[in-house]
2 protein chains.
Amino acid sequence: MKLEYGAKNCLFPIPTVLVGALVEGKPNFNTIAFVGIIDLGHISVTLNKARYTSIGIREKGTFSVNVPSAEMVVETDYCGLVSGNKVDKSSVFEVFYGKLETAPMIESCPMNMECNLSQTLELAHHDVFIGEIAMTYGDERIMVDGKVDYSALHPLFFTMDDNGYWSLGERIATAWDVGKVMVEKGSL
Amino acid sequence: MKLEYGAKNCLFPIPTVLVGALVEGKPNFNTIAFVGIIDLGHISVTLNKARYTSIGIREKGTFSVNVPSAEMVVETDYCGLVSGNKVDKSSVFEVFYGKLETAPMIESCPMNMECNLSQTLELAHHDVFIGEIAMTYGDERIMVDGKVDYSALHPLFFTMDDNGYWSLGERIATAWDVGKVMVEKGSL
């Protein structure tokens with residue numbers, strides 16, 4: 001039986017990421033889970049209009065998306081607890097820059113994307129920043145023949161109702177393959 | 001050491017979902033992983049412009065997002081392998097409708113969102129449909145006191161490089177809590 005849950009997004013668990021921007025000359029990082037894949041070259045991040053990070057994204061037109069591993073849950077949560085308005089978060093992580101030069105990235109996060117701001121959608125309380133990915137960086141230890149080893153990445157997921165952080169489970173099947181048993185001859 | 005991965009989205013693993021729409025009077029479902037949380041009331045789904053499902057979304061202005069459990073990996077993969085252009089997928093699942101009446105939803109998926117098309121972003125090869133969530137439905141067995149039991153939901157994640165489907169792991173910490181050990185007195 002189906003129960004009504006309200007008109008609420010239920011796409012959780014979703015990867016938790018740290019959005020980075022240069023604000024007033026210093027790197028700032030904000031933890032979010034309002035994030036999505038637009039396509040292989042674009043990513044969306046949604047920040048509350050009051051967020052300090054938004055100032056830097058608007059000013060520089062660049063930002064970074066940093067994918068933490070589950071081992072970084074304490075630092076990740078911390079960057080969602082305190083605002084750059086009140087606390088200088090520039091020294092929480094070792095920071096590096098890529099080709100854009102104005103999108104600070106977190107060295108200890110196993111994957112990092114630097115983005116040019118491509119489009120901004122204005123919602124009532126949030127700004128949705130759509131980034132065109134300029135370059136993506138991966139830790140050598142999680143890259144195998146140019147591909148990501150997701151078990152080694154060990155990503156961190158967020159769930160809304162229970163304020164939970166979760167780890168990734170097992171690889172259970174291969175896409176564009178496991179469903180072939182249902183394909184009738186000639187229908188592919 | 002950081003390696004360049006190319007200008008590629010690395011927000012995987014991401015939840016895999018089935019997007020539903022009424023096309024030519026019949027329910028059609030397409031499996032995607034280009035999906036994201038815009039905010040608690042909005043979701044983005046990206047479909048290739050050639051997708052059959054897009055016809056229905058544009059025509060009716062409504063669509064559904066159905067969250068499969070990992071046990072549904074075969075049916076989920078199948079709906080990504082075959083196009084509604086060639087194969088009638090209307091009888092793959094038991095279908096139900098909600099208040100919008102034109103957004104077919106999958107009974108066997110533990111969570112379902114019915115959406116009004118709020119905005120469309122046109123990319124070169126894709127349409128990004130932003131849905132305003134009209135109502136969300138959850139299976140009684142995974143809802144506890146109006147909240148989602150994510151272990152019972154047992155969602156399915158997709159990874160790009162290795163075409164993988166993955167399950168959810170363990171709950172490892174509580175958000176807005178585990179990072180408090182880093183908060184200095186008075187900085188919250």
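This is a predicted model: local features need pLDDT of at least 70, side-chain atom pairs count only at pLDDT 80 or more; totals for chains, interfaces and linings use all residues.

Me: How do you know how many helices and strands chain A has?

Reply: Helices (H or I, at least four residues) and strands (E, at least two) are DSSP runs, numbered from the N terminus. Counted that way, chain A comes to three helices and 15 strands.

Me: What makes strand 4 of chain B "largely enclosed"?

Reply: A residue is buried if 20 or more other C-beta atoms lie within 10 Å of its own, exposed if 12 or fewer, and partly exposed in between, with the C-beta atoms placed from the backbone. Six of the seven residues of strand 4 (residues 26-32) of chain B are buried, so the rest of the structure largely encloses it. For chain A, buried residues make up 51% of the 188 residues.

Me: Why are strand 3 and strand 4 of chain B called a pair?

Reply: Two strands pair if DSSP finds at least two bridges between them. Strand 3 (residues 17-23) of chain B is joined to strand 4 of chain B by seven bridges, and they run antiparallel, so by that rule they pair. V19(B) stands opposite N30(B) there. In their hairpin, which has two residues between the strands, E24(B) takes a positive phi near 50°.

Me: What makes two strands of the six-strand sheet its edges?

Reply: The sheet is open, with the order 2(A)-14(A)-15(A)-15(B)-14(B)-2(B) and antiparallel pairing. Strand 2 (14-15) of chain A and strand 2 (14-15) of chain B each have a single partner strand, so one side of each is left without a neighbour in the sheet. Where the chains meet, strand 15 of chain A and strand 15 of chain B pair over seven bridges in the antiparallel sense, with R171(A) opposite W166(B). F157(B) also stands opposite W166(B).

Me: How do you know that the buried residues of helix 1 of chain A are on the same side?

Reply: In helix 1 (residues 52-60) of chain A, the buried ones are T53(A), S54(A), G56(A) and I57(A). They cover an arc of only 160° around the axis, which puts them on the same side of the helix; the arc is that of the directions from the helix axis to the C-beta atoms.

Me: What makes a residue of chain A count as touching chain B?

Reply: Two residues are in contact if their C-beta atoms, placed from the backbone, lie within 7 Å. Under that test, 82 residues of chain A are in contact with 82 residues of chain B. Strand 15 (residues 164-174) of chain A gives the most to that side, with 11 residues.

Me: Why is the relation between the chains called a two-fold axis?

Reply: Copies are superposed by least squares on the C-alpha atoms of residues with pLDDT of at least 70 in both. Chain A can be laid on chain B with an RMSD of 0.0 Å by a turn of 180° and a shift of 0.0 Å along the axis. That is the relation of a two-fold axis. The same surface serves both copies, as 100% of the contact residues of chain A recur in chain B.

Key: Residues are numbered from 1 along each chain as its sequence is written. Chains are lettered from A and ligands numbered from 1 in the order in which they are written.
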